[in-house]
Amino acid sequence: MSTTDAPKKSRETDDVPVPATLRKSLKNRHIQLIALGGAIGTGLFYGSSESIALAGPSILLAYLVGGFAIFMIVRALSEMSVEDPKAGAFSYYATRYWSKRAGFISGWNYWFNYILVSMVELSVVGKFVNYWFPAIPTWVSAAVFLVVICAANLLGVSKFGEFEFWFAIIKIVAVIAMIIGGLAVIIFVLPTASGVRASFANWFTVGNGFFPNGLMGQNSDGSWTGLLMALVVVMFSFGGTELIGITAGETEDPKTTIPRATNDIIWRILVFYIGALGVIMAVVPWNTIDGKSSPFVQIFDSVGIHAAAGILNFVCLTAVMSVYNSGLYANSRMLYSLAKQGNAPAYLGKLNSRGVPVAGVLTSAAITAIAVVVVFVWPEFAFNYLMSIATIAGIINWTMIMLTEMKFRKVVAAGGAPEDSELAGLSGQEALDAIHFKLPFAKVTPWVVLAFLALVVVLMCFSTSYRIAVIAGVIWLAILFAAYQLTQAKK
């Protein structure tokens with residue numbers, strides 16, 4: 001049989017040499033689990049104890065309000081992703097619909113944010129490994145996982161999707177098992193270690209009721225507490241949900257997959273945050289959740305299942321790997337997009353035959369490795385200062401998304417929609433009405449979300465642990481503005 005008669009393999013697989021281009025290899029199941037995995041991490045498994053201590057059972061309202069804000073942010077990003085699916089997502093959109101400066105700031109802010117997040121995740125991976133193998137140096141664990149995840153990202157986007165799919169499955173199963181186990185304790189009135197009968201009534205009867213610390217109040221030591229202060233902690237638990245937009249450029253059917261994954265975010269928040277924490281506080285009195293161990297461990301310990309600590313250690317290990325896997329993927333695509341915009345060195349915009357921006361993957365991995373060394377050498381400096389920048393960078397990122405969405409609508413209304421979009425050739429209200437996946441109440445929603453994010457920044461100023469993040473954020477923005485002006489001057 002001649003070569004012309006031989007059946008041709010699909011151009012959309014990662015294993016077939018084709019001209020260098022990003023592959024649309026992410027399937028619906030990948031996007032669904034990537035979106036879900038982005039919302040479930042160590043912030044839920046361990047960080048939730050801090051938010052419960054601040055607000056008590058009313059933390060459920062904080063997650064509901066914060067979850068609604070995040071849902072609208074992702075809806076705004078998805079509105080643009082469906083009409084114009086490109087790698088780099090919000091950085092590309094900021095450049096295309098706002099200005100090159102906005103794209104520069106948005107892209108490099110997000111890239112550096114994930115470098116810092118990846119740095120911290122890799123620095124703690126050794127602690128989870130040491131739970132079983134205490135003799136292994138923590139830096140060895142960090143190095144091994146960095147190499148493994150980097151290799152996985154170099155194999156192609158479909159392999160990244162498979163890794164994330166199974167990482168997310170593990171986290172989902174862990175949360176569902178905890179919810180089912182907790183409901184069994186409540187329904188069958190099983191005895192608990194605290195001696196307090198498991199019941200949803202505990203939300204209102206334990207430790208001064210549902211609002212034990214009110215909306216906002218000051219402790220005797222001068223620290224602030226209450227529902228509003230818990231919002232600060234809650235919002236950072238949702239970091240990573242915007243990863244849906246990053247995947248749009250490599251998704252098989254973005255017009256169907258992106259809206260479905262985005263709309264599912266709201267029930268994920270209800271089930272995996274509000275549902276899980278609601279059950280925990282029904283079984284374990286909220287005022288006994290002290291942060292010394294995960295609330296997920298406490299709920300199983302309270303009914304005599306002491307193997308929970310080891311199980312959760314494994315789940316958290318996979319969660320850390322998932323965060324770094326997602327971070328490296330997002331960073332490589334962001335560098336690729338920045339290079340295409342002219343906002344990063346040209347070598348970062350090259351792809352291999354598998355459609356992988358290898359230079360972006362290796363550059364991000366190398367800088368992350370250097371950052372991890374900084375953590376091991378100067379841990380106090382790294383966590384107190386560098387992570388403050390990562391904290392505020394998330395809010396900067398969300399703010400840029402909302403502002404860019406408003407710019408996007410102005411361009412579309414003026415007839416400037418992408419040429420390959422169904423909106424091409426339309427203008428005015430006709431163009432806006434033809435948007436496939438609209439942000440609800442688009443005239444007011446961005447302003448409401450921006451006001452909410454501003455409130456979170458103000459609340460951060462009341463916390464000694466977060467106040468430095470606000471100062472760092474101002475300095476970081478000044479650095480980005482100066483860097484842009486410097487690069488333009490050189491050109």
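**Core, surface patch and salt bridges**

S91 sits in helix α5, residues 90-97 (helices being DSSP runs of H or I, at least four residues, numbered from the N terminus). The model is a predicted one, in which local features need pLDDT of at least 70 and side-chain atom pairs count only at pLDDT 80 or more, while totals for chains, interfaces and linings use all residues. Residues are numbered from 1 along each chain as its sequence is written, and side-chain values use heavy atoms, with hydrogens and water left out.

With a relative accessibility of 0%, S91 counts as buried (buried means under 20% relative accessible area, exposed over 50%, and partly exposed in between, with a 1.4 Å probe and protein chains only). Setting aside neighbours within four places in sequence, S91 touches G103, S106, G107, M334, L338 and Q341, contact meaning heavy atoms within 4.5 Å.

Now for the core. The largest nonpolar core holds 158 residues, and I59, V175, I246, F296 and M460 touch the most other members; such a core is a set of buried Ala, Val, Leu, Ile, Met, Phe, Trp, Tyr and Cys residues joined through side-chain atoms within 4.5 Å. Helix α6 (residues 100-130) gives the largest share of this core, 16 residues. Beyond its neighbours within four places in sequence, M460 has contacts that include V232, F236, T391 and Y466.

Helix α13 supplies the largest share of the patch, three residues. W267, in helix α13, is partly exposed at 38% relative accessible area.

As for charged pairs, a search of the whole structure turns up three salt bridges (a side-chain nitrogen of Lys or Arg within 4 Å of a carboxyl oxygen of Asp or Glu). E79 and R409 pair at 3.0 Å, N to O, joining distant parts of the chain, helix α4 and helix α17 (residues 379-413), 330 residues apart. K86 and D84 meet at 2.7 Å; K86 is partly exposed at 27%, whereas D84 is buried at 0%.

Technical notes:
Helices (H or I, at least four residues) and strands (E, at least two) are DSSP runs, numbered from the N terminus.
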